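Please walk through this two-chain model with me, from its overall layout to single residues.

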Amino acid sequence: MRPKLLFFPFTLIIFVWSFVSLTKPAWTEYQADKGKLQKLITEKQTLVKGIANIKKALAEFKQLSDDDKKMVYNAMPQVVNNDNLVAEINKNASQSGVMVIKVGTKKSTNKNASKCKKNASSVKNNKSTEANVTNCALTAVPINVNMSVVGTYPMVKDFLNKLDVQNRVIVPQSFSLASVNNKQDNKDKQTADVIDLVNAKISFDVFQKQQNSKIILSKAIDNDSILKSLLTGGLNQKGLQALQSMVTSEIFYPVTADGVGKENLFEQTTETTETVQ
Amino acid sequence: MRKINLKAKNIASNTSSSGGASGQISLIIGILILILAGGLYGGAAYLKNAQAKKIVVVKSEIKTLKKSLDTNKDFKNVYDFQDRLIQLDGVDKNKIKQVNILNQLSQSTLAVDTMKNLKVAVNNGISTIDTNLLTPDLMTVAKQINAYKAVSSQGQVSLKSSGIKDDATEMSVSFTLPRMGIKETDQNK
């Protein structure tokens, strides 16, 4: 009689114990995992959607003509590409008829670049904001080019015009033109050939793409502005249109180093290299 | 004697039947409570396990998607291309055409004047012009300043110097031209 009567309170105790120590923790864990699962599902959906959008942008990219792609790569190369820059300047000079006296390049003082370095160091210390990092990625690295040419005024003007629209995009910093006959006025009054010549000193910036090669797309999908722009609007048509308005010259095909190889490095040869046309 | 025995039996049977019913009820409720406890735990554990399995599946799907995103060369190419386009879009904002400045100066310089030298400094698209010109006389200096004033950004031209040199008057002026976009018309095109 007694054990049967005690069964109910005993099961009540078991129920309370099982609820507190088994059911409730399992339920709490289930609830916690529910949030985690929801987060994962959202992440998966973002990735699926992102990949679909990148595929759309990729299709758009593949539809671009080779010339359009070449134009972008010429305008904003991954490396300095001094060889192509000098070759294109030489091509412009030979087409305009000016004589290039000097060409030199140096790293331009770029305030944005130094900001980028500061941001990069503070990112490591988790002090930087996301916006600073993304702005950094969007800034091209400028390289300053100083050069001087001599020719008649129409030739120099034509050369400047060709520089303005060449494949390697330039942003002029300064230029000066001086009549050559000023200096030689007294010496060469009889030499009529020199009278109309103009000496031009030109300073401009060309650009190199900010190094961003180590990017891992899957990790950048949430905070990278380039990736965000790809995910939302496909290829940056505004940039392409801007380039098309800046570059109106024919597509420049880089030089190749034909005729390399020389045993006697100090031997003088009379052969001249062909000019790039 | 017989009565007494019957009574005792009656009492015994009455007591036994009432205790048995309570025991039965206690047993049934107890079993129901145990079933309920087991059911609740079983349900919670089943949901938890099913969800854990789902998490594993979704995680592996995410891993596969990330792998495909990171290893696809075409994706990296299109990202690189987009990066260049965005950086070019930024460059476009500071771009001017040098030849537009020369065209503007050509339009504003008197035919009788001869430029000896010209310096152009460009800052944020605004061009500062410094030039030396040879003009026939002081009246032409005034006309030339007036012509440059018409195109200068602030409507003023600084006359640094003017004086007679040989058979002409040499003048040195400085002024700024407003920002000229790359879409300005080119005369020499």
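This is a predicted model: local features need pLDDT of at least 70, side-chain atom pairs count only at pLDDT 80 or more; totals for chains, interfaces and linings use all residues.

Residues are numbered from 1 along each chain as its sequence is written, and chains are lettered from A and ligands numbered from 1 in the order in which they are written.

Start with chain A. Its secondary structure comes to eleven helices and four strands. Here helices (H or I, at least four residues) and strands (E, at least two) are DSSP runs, numbered from the N terminus. Chain A has 277 residues, and 28% of them count as buried. A residue is buried if 20 or more other C-beta atoms lie within 10 Å of its own, exposed if 12 or fewer, and partly exposed in between, with C-beta atoms placed from the backbone. Two residues are in contact if their C-beta atoms, placed from the backbone, lie within 7 Å. Among the contacts of chain A with a separation of 6 or more, 82% join residues 24 or more positions apart.

Now bring in chain B. In the interface, 64 residues of chain B are in contact with 75 residues of chain A. On the chain B side, the elements that give two or more residues are α1 (2–71), α2 (73–92), α3 (98–108) and β1 (114–123). The most come from α1(B), with 30 residues. This side of chain B divides into 33 nonpolar, 14 polar and 17 charged residues. In this count Ala, Val, Leu, Ile, Met, Phe, Trp, Tyr, Cys and Pro are nonpolar, Asp, Glu, Lys and Arg charged, and the others, Gly among them, polar.

Two strands pair if DSSP finds at least two bridges between them.

Follow the bridges across chain A. Strands β2 (141–152) and β4 (197–208) of chain A run antiparallel and share twelve bridges. Val150(A) has Asn199(A) as its bridge partner in β4(A). Eight bridges then join β3(A) to β4(A), again antiparallel. Here Phe175(A) is partnered with Ile202(A), and Ser174(A) stands opposite Ser203(A).

Next comes the step between chains. Strand β3 (171–179) of chain A pairs with β1(B) in the antiparallel sense over five bridges. The partner of Ser176(A) there is Lys119(B). In β2(B), Lys119(B) has the bridge partner Asp130(B). β1(B) and β2(B) pair over nine bridges. Two residues lie between the strands of their hairpin, where Asn124(B) takes a positive phi near 50°. Nine bridges also join β2(B) to β4(B), with Ser127(B) partnered to Leu177(B).

The covered face of β2(B) includes Ile129(B) and Leu133(B), and its uncovered face includes Asp130(B) and Asn132(B). In a regular strand the side chains alternate between the two faces of the sheet.

What about the core? The largest nonpolar core has 70 residues, and Val156(A), Val169(A) and Val78(B) have the most contacts inside it. α2(B) gives the most to this core, with eight residues. A nonpolar core is a set of buried Ala, Val, Leu, Ile, Met, Phe, Trp, Tyr and Cys residues joined through C-beta atoms within 7 Å. Leaving aside neighbours within four places in sequence, Val156(A) is in contact with residues including Val98(A), Leu177(A) and Val198(A).

Two loop residues close the tour. Asn81(A) has a positive phi near 55°. It sits in the loop between α2 (66–75) and α3 (82–96) of chain A. Asn81(A) is partly exposed, because 19 other C-beta atoms lie within 10 Å. Asp166(B) also has a positive phi, of about 55°, although it is not a glycine. Its loop lies between β3 (158–165) and β4 (168–177) of chain B. Asp166(B) is exposed, because it has 8 other C-beta atoms within 10 Å.
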